[in-house]
Amino acid sequence: MLSRVADSVFWMARYMERTNGMLRILRTNYISSQDEVKDFSWQPLLLSHSDAPAEEVKSIGNNSAKVLQHLLFERNNGASVINNITRARENARAVQDHITKEVWQCLNDYYHLIRSKHIQSQLQQGDPVSALDTLIHHGMLYHGTVDITMARGEAFNYLNIGKFLERAILTADMLNIKLTELNYNLQQPKEVPALRYLLYSLSGYELYLKTHRGNFQADHVLQQILYNNNFPHSVAYCLGQLFRYFQRLETESLPESYKQLEFLIGRAMNNVRYSSIRPSESENLKEFLQQTRSELFSIAAAFNQYYFGNS
Amino acid sequence: MEGHPILGNYHNQPRVWDEMFDTAGIRPAYQQFVSSIQDLSVDEMTHKDELAKKLFMSQGITFTVYSSGEGIEKIFPFDIVPRILEAAEWKHIEAGIKQRLKALNIFLKDIYNQQFIINDGIVPAKLIYSCPNFVRQMVNVNVPFDIYTHISGIDLIRDHDGTYYVLEDNLRTPSGVSYMLENRSITYRIFPDLLPKNNVRSVKDYPDLLLKNLVALANRQKSDPTVVLLTPGIYNSAYFEHTTLARLMGIELVEGSDLVVDNHKVYMKTTTGLKQVDVIYRRVDDDFIDPLVFRPDSMLGVPGIYGAYRTGHVAIVNAMGNGVADDKAVYAYVPDMIKYYLNEEPILKNVPTYQLADPDNRKLVFKNMDQMVIKRTNESGGYGMLIGSAATEKEMKAFRIAIEEDPRSFIAQPIISLSSAPCYINGVLQPRRVDLRPYALYGPDGIDIVPGGLTRVALKEGSLVVNSSQGGGSKDTWVLG
């Protein structure tokens, strides 16, 4: 496979995963802004999901409609959902002969959907949750289409590598954002609603309830998000999948490239697996998250160098 | 045709050949089609029209116009009423194009090698050497199987008496073939059953034929040579076509930056290192293909690829330097080429062409400018053209000055009225002018032409310019079996 094609497929998957993650975060945050949380602030989310100048972000303030507009549809915000989908589509366009026609059409439809007046007016005048749901559903359609139509070849492997790497980064980031909001202080006597919402955003709330029967503790939440191998958004699960799809590339890799990546992914996996994090040790937790993130980024950089030929 | 909701107001224009109607009624080729649609209501037809647009949009059969910041997605306008040709008509066209291509191909071989045609005084040397598309680097280059024009699109038009004329030969990188394929796939969605009922000949062999020819050009002793399609990238307006063809042939779509030349061999950069490339179907123009030999500022090409081609390590399709054969001034000599090389009478006529480098022609043309089409010899896409009957005094004057300055770069032709075909516009059938571009594939086993091609249509009322850049659209083209 061409290095450029592998690069594009990888990034297409990353942008789609990022889109999905963002939409879910926006949905839970919007609902929580309407619901029980007092003094809800959009600022942390705005700061992490917008590259607009600080003054502009400040001026948006806490107006939900404006925030959603900015994070979903603002072309000038490089991290907005519409920009992510556009980039995913541009990448798909450049590799149309390596993804199936169905996947390309699905992405193309997604792009036309988010550009449609209908979605924008529903967000502004109608029910934003329905608008977000429509977008999320289309994202699921994409994942289903990939699963059902793509041949289990190199392109499929790079798609999954991109997807799970991005998801691991997203999970680590979201955990970090929430913990920063709480000042990394999890030893609070009362239950922390922020963590509940974090589980919602990662579609892990139901699993949590089933596992822990309403016994809501910061420690359990952390365990699930970091280590639970049955939770498709946990860092451990994502790394495991990443490694699994990476191993399938072995016959199609240069031996020295494969060795480099195998080392990096294996190290990140083991660093997570053999860590033991307790909510009480806030410094350790912070350091651990930083380290995990930087290891994930170095995996991405190594792919870029050894497999995509961008040194 | 009174009383039919759709056909009711269809009027023939004087001195224009209509593809569907003659004075006596509907031509035989269209009878079956018309009988299937004449009872449809305006709503049903409009619904089909909208369905076609939706299908194009959702399949991403679009080109992007980057005018102000964000690109605007546009579909290439498609008219749902097919253009229909009878088997006998097609046979004539096919024979004519094959003959023409044979001659043009020998001409290219000749002009870049011994130049018999110049020595024998058929074509003036000055005309060839003054042609900007005569590529000196191609002189004495051995081309595999002596084939230069692997893929060509020959533009045909019809005069008021129905005679076919060749308007242009496109021998460099003709585009539009994907629309031929896509138009057909839309037609069977909007008119169920009509294709088999009419016994329409299939066009779907095109990618297979093309791939077969490309594979045959490979020079290495290998059962599965590496064939790639070289595209200028996603911002090219024909990008959709490049991906479609690559996908249909199952070959790699590459950009210039994916290829590298080492020791006169071309390689592509893959995740497993470098892999040698044997055949390149390039959709990058001559000027841009190798910055070491042609335009040094080109970012689309591959440095050193010309050397690899010259040494025979890679085959490039179409050959470089074909522009000298489809130059609009050289065009005037194609009938002579056919006689000279093949000793045959041309089957398809040329439009009479006046070269303006000749002072007598210039005088004649200036006198009758309102009845002439004046074209720049090395432009296409409907640019650099003046249609005398529709031009203002000021435009004519500007052209006169330009011609006086550089007469070699202009030709003039009498205005051919172009045949009309029915188009579904605003709820009724209206006549619009059309041309026809069949695509011919020239391989070691001979010339193949898929039955049909792309019918381009000037959607503006009264317009004679069918180019997509000038408000043109396209139609599915049926050849009845």
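**Exercise 1. Which residue in β13(B) does Leu229(B) stand opposite?**

Before we start, two notes on the model. It is predicted, so local features need pLDDT of at least 70 and side-chain atom pairs count only at pLDDT 80 or more, while totals for chains, interfaces and linings use all residues. Residues are numbered from 1 along each chain as its sequence is written, with chains lettered from A and ligands numbered from 1 in the order in which they are written.

Solution. 
- Step 1: find the strands. Helices (H or I, at least four residues) and strands (E, at least two) are DSSP runs, numbered from the N terminus. Here β8 covers residues 227–231 of chain B and β13 covers residues 279–282 of chain B.
- Step 2: check the pairing. Two strands pair if DSSP finds at least two bridges between them; β8(B) and β13(B) run parallel and are joined by 4 bridges.
- Step 3: read off the partner. Leu229(B) faces Tyr281(B).

**Exercise 2. Work out which strands of this sheet in chain B stand at the edges.**

Solution. 
- Step 1: write the order. The open sheet has 4 strands, β9-β8-β13-β14 of chain B, with parallel pairing.
- Step 2: look at the ends. β9 and β14 (315–317) of chain B each have a single partner strand, so one side of each is left without a neighbour in the sheet.
- Step 3: Axes are lines fitted to C-alpha atoms, for helices over the stretch in contact, and angles run from 0 to 180 degrees between N-to-C directions.
- Step 4: place the helix. α9(B) lies across β8 and β9 of chain B, at about 170° to β8(B).

**Exercise 3. Describe the side of chain B that touches chain A.**

Solution. 
- Step 1: count. Contact (C-beta atoms, placed from the backbone, within 7 Å) links 20 residues of chain B with 21 residues of chain A.
- Step 2: name the elements. α2 (42–58), α9 (239–249), β9 (252–255) and β11 (265–270) of chain B each supply at least two residues, and β9(B) gives the most, with 4 residues.

**Exercise 4. Is Lys190(A) buried or exposed?**

Solution. 
- Step 1: locate Lys190(A) in the loop between α9 (154–181) and α10 (193–201) of chain A.
- Step 2: apply the cut-offs. Counting other C-beta atoms (placed from the backbone) within 10 Å of its own, a residue is buried at 20 or more, exposed at 12 or fewer, and partly exposed in between.
- Step 3: conclude. Lys190(A) has 5 C-beta neighbours inside 10 Å, so Lys190(A) counts as exposed.

Technical notes. Contact = placed C-beta atoms within 7 Å.
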